[in-house]
Amino acid sequence: MNLQNLLNLAHLHLLLNHWPIIGTFIGVGLFVVALIAKSEDLKKASLGVFSIIALFAIPTYTSGNAAYEVIRREETITKTMVDAHQGAALMSFIFMEITGAFAWLGLWQYRRVSRPASYTLPAVLFFSVVSVGLLTITGNTGGDIRHPEIRSGQETTSFVSSIGSALFSSTQHMVTDASRWVWPVLEDLHFLGLTLLLGTLGLLDLRILGFFKPLRLAPLVKFVPWAIAGFVMNMITGFLFFVGMPFFYAYNFDFHMKMFGVLFAGVNILLLFCTDAFRECDQLGATEEAPALAKFFAATSIFLVVAVIILGRYMPFFEDSLRPLN
Amino acid sequence: MWIRDSPSVFAYWFILTWHAIGMGLLVGASAVIDLRLLGVAREMPMAPLKRLYPLMWVGFWIQVVSGILLIIAYPTKALTNPVFYAKLTFIGVAFVMMLRINKRIFNDPSLSDEGMMIKGKNLATWSLVCWIGAMTAGRFLAYTFNYLMFPDEQQSAGLNASFAFLYSLEPYLKSIGAAGSHVLRLMGHI
């Protein structure tokens with residue numbers, strides 16, 4: 001099966017890759033202003049930006065490997081340039097995800113107890129500022145690949161890029177070659193995370209939709225951290241799979257669809273349970289109905305999680321569906 | 001045979017997908033009850049959780065039907081693997097725990113929520129442990145099988161003499177072999 005005319009991976013990467021960089025810059029700017037102005041609303045807004053950008057970084061990173069294959073045969077592009085970009089991108093990705101995780105935690109604390117714990121905001125500030133530095137290098141090395149007019153002449157590899165590249169190959173070795181048991185154990189954790197996510201989130205969504213009426217929502221919300229734990233567990237194991245066999249996934253049409261599914265599912269969970277948008281939902285009494293908009297997002301949340309599971313299970317079926325023909 | 005060979009999207013991967021969704025329903029809902037019994041979300045009343053049982057039954061029957069179809073697709077693969085029997089044992093124990101929690105905890109009107117938690121602690125722990133065990137065993141089935149099918153072209157070289165008589169069946173197994181090597185190639189990437 002070949003689906004190449006459905007999706008050009010280089011286009012996909014170009015379409016996505018400016019967003020995480022610009023988004024993080026805007027996020028940091030907004031966050032610093034919020035800290036100086038001591039504006040809680042601005043702080044929440046920038047935490048939201050960081051969380052969403054962290055989700056956006058997933059398809060951006062994963063489309064990169066695929067994009068390389070499309071442009072590989074162009075003579076002006078060297079392997080050194082691409083490696084430098086990939087190393088820096090990996091480092092940026094990791095720090096952006098950590099920033100996003102703390103930002104997510106902060107939003108959750110805002111929603112539950114109206115103020116974040118003492119360590120949350122400093123952690124967000126630290127990791128986001130490091131991300132900005134790393135993203136600058138990623139953007140520059142990426143720009144060298146696609147914009148010949150700005151190349152400096154000699155090929156340089158930065159310190160960050162070499163750390164990233166070393167990390168990439170050691171992780172790949174650990175996941176695929178170190179022991180035949182690493183991969184199955186990671187798969188197992190991936191499925192445990194899936195079950196945790198579907199079980200806890202599913203119950204919350206069903207209650208918002210109007211099932212299990214005698215239950216108040218407030219105690220059920222205690223399960224949200226468990227759902228997030230499942231999500232994070234699957235993010236980490238999933239990312240290790242990708243680093244382990246990038247080209248199995250990069251050429252897979254289904255995989256890219258799944259990454260968009262994860263992006264939307266993540267934004268949906270964030271919006272419904274972690275921002276203030278549906279805060280009144282938490283107080284829902286035993287027989288009360290949730291607002292229609294909350295019901296809409298609860299329904300899409302179930303739909304997206306199930307869609308992600310289906311896309312995940314179908315992945316081997318779409319193997320090589322995007323492999324370049326020659 | 002159709003399940004294994006059909007290029008249709010509705011064959012093997014479709015059934016695997018159902019198996020994963022059924023698992024999420026059954027184990028996910030069961031885990032919520034277990035976690036509640038173990039003290040997560042204490043303020044939540046127990047009684048309404050009984051209504052998760054229909055959901056778990058739906059998941060359970062999805063698992064039974066899709067599981068049997070998967071065994072029909074690769075009978076040798078599962079039945080020659082000790083891990084498969086470990087999985088069945090875990091499922092059996094977890095299933096009994098699920099029924100006992102229903103019978104002894106939810107259907108005992110004399111119990112308060114606190115009483116339920118005290119009485120259900122062991123059941124819930126075992127239920128969680130066994131579900132995790134069953135999932136782990138199930139996932140490992142994909143990596144630990146000895147014989148994917150009857151000895152086919154790829155595997156016959158490595159088999160010992162006790163299987164020699166099967167070599168005479170080779171012509172008949174050729175067609176299975178072709179499918180087998182295709183599947184092996186796929187398996188290598190899962």
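**Ground rules.** I number residues from 1 along each chain as its sequence is written, with chains lettered from A and ligands numbered from 1 in the order in which they are written. As the model is predicted, I keep in mind that local features need pLDDT of at least 70 and that side-chain atom pairs count only at pLDDT 80 or more, whereas totals for chains, interfaces and linings use all residues.

**Chain contact.** I looked up the residues in contact, taken as those whose C-beta atoms, placed from the backbone, lie within 7 Å, and found 28 residues from chain B and 30 residues from chain A. On the side of chain B that touches chain A, α2 and α6 (113–144) each supply at least two residues, and the largest share, 12 residues, comes from α2(B). Helices here are DSSP runs (H or I, at least four residues) numbered from the N terminus. I then sorted that side of chain B by class and noted 20 nonpolar, 5 polar and 3 charged residues, where Ala, Val, Leu, Ile, Met, Phe, Trp, Tyr, Cys and Pro count as nonpolar, Asp, Glu, Lys and Arg as charged, and the others, Gly among them, as polar.

**α12(A) against α2(B).** I find the axes of α12(A) (residues 292–313) and α2(B) coming within 9 Å and crossing at roughly 140 degrees, with axes fitted to C-alpha atoms over the stretch in contact and angles running from 0 to 180 degrees between N-to-C directions. The two helices are therefore oblique to each other, given that angles under 35 degrees count as roughly parallel, over 145 as roughly antiparallel, 65 to 115 as roughly perpendicular and the rest as oblique. The crossing is right-handed, that is, the near helix is turned clockwise from the far one by less than a right angle, anticlockwise being left-handed. From α12(A), V306(A), I309(A), I310(A) and R313(A) meet residues of α2(B) including W13(B), L16(B) and G24(B), and by class the contact has 7 nonpolar, 2 polar and 1 charged residues.

**α11(A) against α12(A).** In chain A, α11 (residues 253–274) packs with α12 at about 150 degrees, their axes 9 Å apart, and the pair is therefore roughly antiparallel. I noted a left-handed crossing, with 15 nonpolar, 5 polar and 2 charged residues in the contact.

Definitions and conventions: Two residues are in contact if their C-beta atoms, placed from the backbone, lie within 7 Å.
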